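Visitor: Hi, could you walk me through this model?
Guide: Happy to, here it comes.

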Amino acid sequence: MNRQAQAVVLFLFGGAVLKASAGDLYLRYVKEGLRPFLIAAGLALVAAAVMTLWYSFKGDAEDDHAHHEPRVGWLLLLPVLGLLLVAPPALGSYTAGQSGTVQVSADSDYAPLPDGDPARVSLIDYASRVIYDEGRSLTDRRLQLTGFVTTGPEGVMLARIVVSCCAADGRPIKVGLTGGPVVDVPAGTWLEVTGRFSDKRGKDPVNQADIAYLEVEQWQPITPPKQQYE
């Protein structure tokens, strides 16, 4: 791999990052707030490629042919081809089935639920209110949760992947579904579920963490949202 080849690899890699950042593809890998940093990194890689080519052509051609870098550098093309040709999907039901639910943390002062009937609540917020607040802030309200279907030893659960930075640290938050109409769709199907607080609790067989449950009133399949992670 000579300098020109290195520059081409850099250019393709930077272009792949910019392509992913231009639309919603990057949301499969990192949090939404990291988009400006991805764009900056992509532009830096493209600029580095252009400068490498410029210095390469400016320098002595004979000297350039005399110094080659290890061929292992071509392996950098693999992630580029992955982004350009076979972009992996966002983490979903398989990850949820293999990993234990997130250990939710307590909030010293739970804010009032959002306005509306039903009130839209994230899975991690619902689980925290059930496990640490005994559902006191959820009573007498209809709730709407959104997530994908995953299965457990006690039946169907609703889940989403929680990320701190990127998909590499993603772990699922799971909420069990009880009562109401039976959820009979394949694992991975995205649902909008309306229901009420349930005092039923369960244990995740993977890590023995507590799992909150929702008393289902109705549910409907939906198109996966743009931002699939919590």
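**A walk through the model**

Guide: Let's start with Leu85, which is exposed, with a relative accessible area of 64%. Exposed means over 50% relative accessible area, buried under 20% and partly exposed in between (1.4 Å probe, protein chains only).
Visitor: Before we go on, what should I know about the source?
Guide: This is a predicted model: local features need pLDDT of at least 70, side-chain atom pairs count only at pLDDT 80 or more, and totals for chains, interfaces and linings use all residues. Residues are numbered from 1 along each chain as its sequence is written, and side-chain values use heavy atoms, with hydrogens and water left out.
Visitor: Where is the place of Leu85?
Guide: In helix α4, residues 77–85. Helices (H or I, at least four residues) and strands (E, at least two) are DSSP runs, numbered from the N terminus.
Visitor: New topic: which residues of α2 are buried?
Guide: Gly42, Val46, Ala49 and Ser56.
Visitor: And how far apart are the end C-alpha atoms of helix α2?
Guide: They are 35 Å apart, which agrees with the 34 Å that its 24 residues (35–58) should span at 1.5 Å a residue. The expected span is 1.5 Å times one less than the number of residues.
Visitor: How many residues of strand β4 are buried?
Guide: Seven of the eight (residues 171–178), so β4 is largely enclosed by the rest of the structure.
Visitor: In which sense does β4 pair with strand β3?
Guide: Antiparallel, over six bridges, with β3 covering residues 155–162. Pairing takes at least two DSSP bridges between the strands. Arg160 stands opposite Ile173 in β4.
Visitor: And with strand β6?
Guide: β4 and β6 (residues 210–221) pair in the parallel sense over four bridges, and Val175 stands opposite Ala212 in β6.
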